[in-house]
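User: I am new to this structure and would be grateful for a close look at one part of it, the site of the ligand. Please keep the account connected.

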Amino acid sequence: MDSTDYTGLEVFIKKIKENTGYDFSGYKEKPLKRRIRVILRKYKLNNVKELLNHFYLNPDKYSEIVKIITINVTEFFRNIKVFAKIEELIIEDLPQEHRYNILSAGCATGEESYSIAMIIEFIRKSYNIKYKITAIDIDKEAIEKAQMAIYPIEEYKSIPDKYKQYVSINDKTFTINDNIKQNVNIATINLHDVDSLFDFKFNIIVCRNVFIYFNKEFQNKIVSKFYNLLETDGHLILGKVETLSSYVKDKFDLIDLTNRIYKKK
Ligand SMILES: C[S@@+](CC[C@H](N)C(=O)[O-])C[C@H]1O[C@@H](n2cnc3c(N)ncnc32)[C@H](O)[C@@H]1O
C-alpha cells in the first residue's frame with residue numbers, strides 16, 4: 001500500500017519545468033508517482049512538501065530529478081523480432097535506389113538507433129540504399145552517451161554475430177564504427193517539440209517503451225505529430241506492450257499486432 005502524501009506534486013512538476021525546461025505534466029500518474037517515491041528515498045524525505053522545501057534550497061539539483069524520472073533502460077536489439085520486421089519493411093518497398101529516413105524517438109543511450117543502423121548497413125551490401133537515422137531523447141546525459149557510442153563489453157553479447165562487424169572492441173568497452181555513426185544524427189529533443197524541427201518526412205518512426213510513461217492525452221498529441229512527420233505509407237513502430245488509442249486508430253492501419261507496427265493511412 002502506498003501511503004505517500006503527494007500534496008504539491010503539480011507544483012513540483014511546474015518547478016521542474018521552470019528550472020530545467022522538462023515538462024512531465026503529460027506523464028501517467030502511476031509511473032510518475034513510482035519515480036517520486038524513488039526520489040524521496042534518495043533524498044531521505046517523507047513527502048512531496050518536504051521535496052519542495054528541499055529543492056527550494058537547492059534549485060540547481062533539479063537536473064538530477066530529470067535523470068531519475070526518465071528511465072533510460074535499453075539494450076541492443078531489444079525484442080529482436082521487431083528488427084527482422086524492420087528489415088522486411090525496408091526490403092519490401094525498396095526501389096533500386098532509395099533514401100530512408102528513420103526517427104528513433106526516445107532513443108535513450110542509442111542502442112536502439114545503432115541496432116537499426118546495423119541492419120540497414122547489412123542490407124546495403126545487397127541494395128543501393130542511403131539512410132539517415134535521427135535519434136532523439138529528452139535526457140541530455142543519455143544523449144551524450146549515445147553520441148559517444150562507447151558501450152560496456154557486457155552489452156556486446158546482445159549484438160547478433162552478423163552485425164558484430166560494425167563495432168570495435170577495446171578491452172572492457174566497444175565502440176560503434178564510424179561508417180555507422182556517420183548515418184546517425186543524435187540530439188536532445190523533447191517529443192513535445194518534435195513536429196516543428198524537421199523539413200523532411202520519415203519512412204519509419206520507432207518509438208518503443210516511451211509511451212508507457214505518457215497519459216492518453218499526451219500519447220494522442222505525440223501520435224498526431226508522428227502522423228504529420230511520416231511519409232504517406234510510412235510506418236510507426238511502438239513498444240511491445242503499447243497500443244494506439246482509438247483517437248488515432250482512424251489514421252493508422254495495424255499491420256502487425258505482436259510487433260506493434262502501424263501504417264499511415
Ligand atoms: C525505457 S527508454 C526506451 C529506450 C528505447 N526506445 C528502447 O525501447 O529500448 C525510454 C526513453 O524515453 C525517453 N523519454 C521520456 N519522455 C520523453 C520525451 N517527452 N521526449 C523524448 N524522450 C523522452 C526517456 O528519457 C528514456 O530514455
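How far from a nitrogen atom of the ligand does a polar side-chain atom of Tyr-27 lie?

Analyst: In this predicted model, the distance between a polar side-chain atom of Tyr-27 and a nitrogen atom of the ligand is 2.3 Å. Gly-106 takes part through its backbone, with an N or O atom 2.9 Å from a nitrogen atom of the ligand. Asp-137, by contrast, places a polar side-chain atom 2.6 Å from an oxygen atom of the ligand. The ligand, taken alone, exposes 600 Å², and 99% of that area is buried by the protein.

The surroundings may now be considered as a whole.

The chain is built with 10 helices and 10 strands. Along the principal axes, its C-alpha atoms fill a box of roughly 60 × 50 × 35 Å. The radius of gyration of the chain is 20 Å, which agrees with the value near 18 Å that a compact globule of 265 residues would have.

Definitions and conventions
Residues numbered from 1 in each chain as written. Predicted model: local features only at pLDDT ≥ 70, side-chain atom pairs only at ≥ 80, totals over all residues. Heavy atoms only, no water. Polar contact = N/O pair within 3.5 Å; in protein donor to acceptor, adjacent residues only side chain to side chain. Areas by Shrake-Rupley, 256 points an atom, 1.4 Å probe, with all protein chains shown as cover. Helix = DSSP H or I, 4+ residues; strand = E, 2+ residues; numbered from the N terminus. Rg over C-alpha atoms; globule rule 2.2 N^0.38 Å.
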